[in-house]
Amino acid sequence: MNEKPEKLIDKKGIRLDGRKADELRPLKLQVGVLSNADGSAYIEHGKNKILAAAFGPREMHPKHLVQADRMVLRCRYHMAPFSVQERKSPAPSRREVELSKVIKECLEPALFLELYPRTGVDVFIEVLQADGGTRCASITAAALAIADAGVPMRDLVVACAAGKVDDTVVLDLYDAEDKLGVADVPVAYMPNLNAITLLQMDGILTSAELEKAITMATDGCKKIYEMQKEALKTKYMVVKEVEE
Amino acid sequence: MSSLITKVRLKQIEQLLEKGKRLDERGLLDTREIKIEQGLIEKAEGSARVLLGKTEVLVGVKVETGEPFTDTPNEGVQTVNAELVPLASPNFEPGPPDENSIELARVVDRGIRESKAIDTEKLCIQPGKQVFVVFIDVYVLNHDGNLIDASAMAAMAALMNTKMPNYEIKDGELKIKQGYTPLPLRSHPITVTVGKINNFLIVDPWLEEEQVMDSRITFAINDAGNICAIQKGGSGYFTPQQILEAMKIAQEKVVELRKKLNW
């Protein structure tokens with residue numbers, strides 16, 4: 001880690017990586033990238049590179065986890081040992097266990113769990129490279145993977161963080177801003193339903209700043225949402241061309 | 001719980017909420033009775049037991065010496081662990097911590113860490129080499145809902161009760177002296193969880209309500225009234241308006257609790 005720079009945002013309001021306060025990092029979304037998974041997606045969100053795969057609805061194992069009246073969604077968020085500066089042990093850390101839980105809970109509201117009793121859907125997320133905001137990018141990719149698997153959804157789930165860096169509320173923090181900034185607020189959102197399905201925060205914010213951060217994050221989510229839909233359509237356009 | 005009973009109970013709870021009532025006769029925004037007892041474990045440097053209604057949490061704090069993290073060589077270390085002890089609920093099983101106890105520990109940790117409650121710079125003994133490590137162990141003894149608020153409150157009460165050993169450095173060696181000083185604290189965060197059942201927001205959900213609620217949102221709020229940690233949980237959602245409403249409820253509740261607890 002380098003020395004902390006004095007200012008993370010210059011006088012003109014430009015951030016260290018050249019972005020404006022409410023600007024997203026460049027995004028690339030791809031659907032159907034793995035042939036063995038029922039659904040899959042790949043996201044590049046800034047320097048984050050993340051793969052997500054969905055399997056199911058399929059028979060639940062182990063059997064005692066089966067729910068007689070609904071489908072069970074399981075999520076595993078995992079970081080590759082080489083995804084961060086210092087090698088991360090491949091064993092799941094407490095952070096990864098917590099993130100797996102909150103990611104599962106933020107995807108569940110999008111699914112019609114009661115339509116597939118006694119089955120399970122598994123979502124596996126592998127962070128290949130991390131640069132701040134991996135949980136948000138993971139959610140965006142995981143929702144695409146589930147949609148790609150053909151599981152009916154109320155809406156896509158899309159996630160984006162906002163936060164406070166120096167004295168400014170900014171959108172989509174990258175690693176240095178996350179570590180050296182004042183606060184980080186990841187938000188997952190279903191734009192069509194105006195529903196927030198994940199909200200976390202660490203740092204210190206006044207209620208006015210938090211309100212601004214949530215608004216900024218949901219606006220960012222709406223932009224990514226358009227790219228998500230585009231990515232889904234793109235997959236099927238390619239299929240059509242092959243058929244012709 | 002079997003889904004049929006849950007559905008019957010949900011209906012009953014919904015009907016009460018529409019009349020502004022709850023199963024245990026509280027108002028929607030009322031907290032259960034709080035009892036705090038400090039210093040009951042003599043062998044621990046700090047301890048506290050919190051009763052939140054029938055929910056009972058014991059927190060023990062142990063202070064030991066250890067190495068600092070390389071990125072914060074001048075700061076002591078804070079660690080929180082939570083145990084959902086099998087005697088606390090028929091649904092808790094012995095074994096390594098599951099996702100629920102890890103989430104509980106990490107939410108309690110975040111509230112204390114982000115409000116900078118422990119003055120970790122004062123826990124440095126020799127920069128880069130030796131610091132005090134504060135182990136905060138949350139022990140859930142009886143689960144009747146809202147473990148997060150009860151645990152966060154017990155953790156803070158235990159920290160306020162924690163004594164640090166006096167020490168001196170002789171020839172680069174640490175020597176423990178007689179007597180104790182209180183653990184240096186800068187803030188006293190209070191955590192409030194708001195549950196959502198069918199668009200009704202309720203404070204301090206208890207077990208019967210937790211089993212039917214859509215989702216919950218937890219706010220940790222520092223002495224200045226600013227928000228220092230948030231965690232949404234459960235398989236439901238909140239609209240942005242509901243989040244802001246919940247935040248307002250939590251802030252008002254914290255003012256009330258601060259007065260009651262004298263923190």
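In what sense, parallel or antiparallel, do strand β9 of chain A and β12(B) pair, and over how many bridges? In this predicted model, strand β9 (residues 195–205) of chain A pairs with β12(B) in the antiparallel sense, and the pairing runs over 4 bridges. One residue of chain A with a bridge partner in β12(B) is D202(A), whose partner there is A229(B).

The contact between the two chains involves 29 residues of chain B and 29 residues of chain A. On the side of chain B that touches chain A, at least two residues come from each of α2, β12 (227–233) and α5 (240–261). Strand β12(B) gives the largest share of that side, with 7 residues. Sorted by class, the side of chain B that touches chain A consists of 12 nonpolar, 10 polar and 7 charged residues.

Helices also meet across the two chains. Helix α1 (residues 94–107) of chain A packs against helix α2 (residues 99–114) of chain B at an angle of about 105°, and the two axes are 9 Å apart. Because of this angle, α1(A) is roughly perpendicular to α2(B). From α1(A), the residues R94(A), V97(A), E98(A), S100(A) and K101(A) take part, and they meet E99(B), I102(B), E103(B) and R106(B) of α2(B). By class, the residues of this contact are 2 nonpolar, 1 polar and 6 charged.

In soluble globular proteins, nonpolar side chains tend to be buried together. With residues up to four places away in sequence left out, V138(B) touches V57(B), V59(B), V80(B), N81(B), A82(B), E83(B), L104(B), A105(B), V108(B), S151(B), A154(B) and A155(B).

Is A53(A) buried or exposed? A53(A) has 24 other C-beta atoms within 10 Å, and a residue counts as buried at 20 or more, so A53(A) is buried. Apart from neighbours within four places in sequence, the contacts of A53(A) are L34(A), A37(A), S40(A), F124(A) and A145(A). K233(A) is 180 residues from A53(A) along the chain, and the C-alpha atoms of the two residues are separated by 18 Å.

Definitions and conventions: Residues are numbered from 1 along each chain as its sequence is written. Chains are lettered from A and ligands numbered from 1 in the order in which they are written. This is a predicted model: local features need pLDDT of at least 70, side-chain atom pairs count only at pLDDT 80 or more; totals for chains, interfaces and linings use all residues. A residue is buried if 20 or more other C-beta atoms lie within 10 Å of its own, exposed if 12 or fewer, and partly exposed in between; C-beta atoms are placed from the backbone. Two residues are in contact if their C-beta atoms, placed from the backbone, lie within 7 Å. Axes are lines fitted to C-alpha atoms, for helices over the stretch in contact, and angles run from 0 to 180 degrees between N-to-C directions. Angles under 35 degrees count as roughly parallel, over 145 as roughly antiparallel, 65 to 115 as roughly perpendicular and the rest as oblique. Ala, Val, Leu, Ile, Met, Phe, Trp, Tyr, Cys and Pro count as nonpolar, Asp, Glu, Lys and Arg as charged, and the others, Gly among them, as polar. Two strands pair if DSSP finds at least two bridges between them.
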